[in-house]
Amino acid sequence: MKYQVTHTFPVSLEKLLHAREERYKHLDQFPDLKNVTLLEESKEGNIIRQKRKVSLEGSMPAVLSAALNDLSLLEESTFDITTNTHEFKIAPPGKDNVFVIKGKSKYEADGAESKRSYDVDVISSLLFVSPIVEKAIEEIHKHSLEKDRKSIAKFLGVES
């Protein structure tokens, strides 16, 4: 299942990129991000690689709870600071057959504003229920992106 999401921010691209990185250093100000743990981070030239664990306690759809014994996701991502492009893969640890979220986001200037655009694909290989799983994961991921947008906007002081 493919979908796109675009968020616009009333600030320069430079400020948006700064907020994207800095807010994770101030988790006490962003309770919605407390379910995210940075496991690894490295920088090679213009590429920043990260591995994060995201806890899904209390937000896992019933259709998935039976298929997963670990209610968390692993996100592996790369961010190219030259092109402002973020590529990511999110899946339950060791359970890529249950579902995988793959995507790419691009941060761009848009006049006096800036935006980030996501192209996302959710794939499930669970027999008989994969369309239900994909739709459920799409809704959860869109909600997560909206929470992320709000955390950036709050960090920038453009939304309370």
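**Close-up views of a predicted model**

**View 1. Thr37 sits opposite Lys53 of strand S3.** Strands are DSSP runs of E, at least two residues long, and helices are runs of H or I, at least four; both are numbered from the N terminus. Eight bridges link S2 and S3, and the two run antiparallel. This is a predicted model: local features need pLDDT of at least 70, side-chain atom pairs need 80 or more, and totals for chains, interfaces and linings use all residues. Residues are numbered from 1 along each chain as its sequence is written, and side-chain values use heavy atoms, without hydrogens and water.

**View 2. Seven strands form an open sheet.** Their order is S1-S7-S6-S5-S4-S3-S2, with antiparallel pairing (strands pair if DSSP finds at least two bridges between them). S1 and S2 (36-44) are the edge strands, each pairing on one side only. From one strand to the next, the twist averages 15 degrees.

**View 3. H1 lies across S1, S2, S3, S4, S5, S6 and S7.** H1 runs at about 145 degrees to S6. Angles run from 0 to 180 degrees between N-to-C directions; axes are lines fitted to C-alpha atoms, for helices over the stretch in contact. H3 packs on the sheet and touches S1, S5, S6 and S7.

**View 4. The largest nonpolar core has 28 residues.** Such a core joins buried Ala, Val, Leu, Ile, Met, Phe, Trp, Tyr and Cys residues through side-chain atoms within 4.5 Å. Buried means under 20% relative accessible area (1.4 Å probe, protein chains only). Phe99, Ile101, Tyr107, Tyr118 and Val120 have the most contacts inside the core.

Conventions
Buried < 20%, exposed > 50% of the residue type's maximum accessible area, 1.4 Å probe, protein only. Contact = heavy atoms within 4.5 Å.
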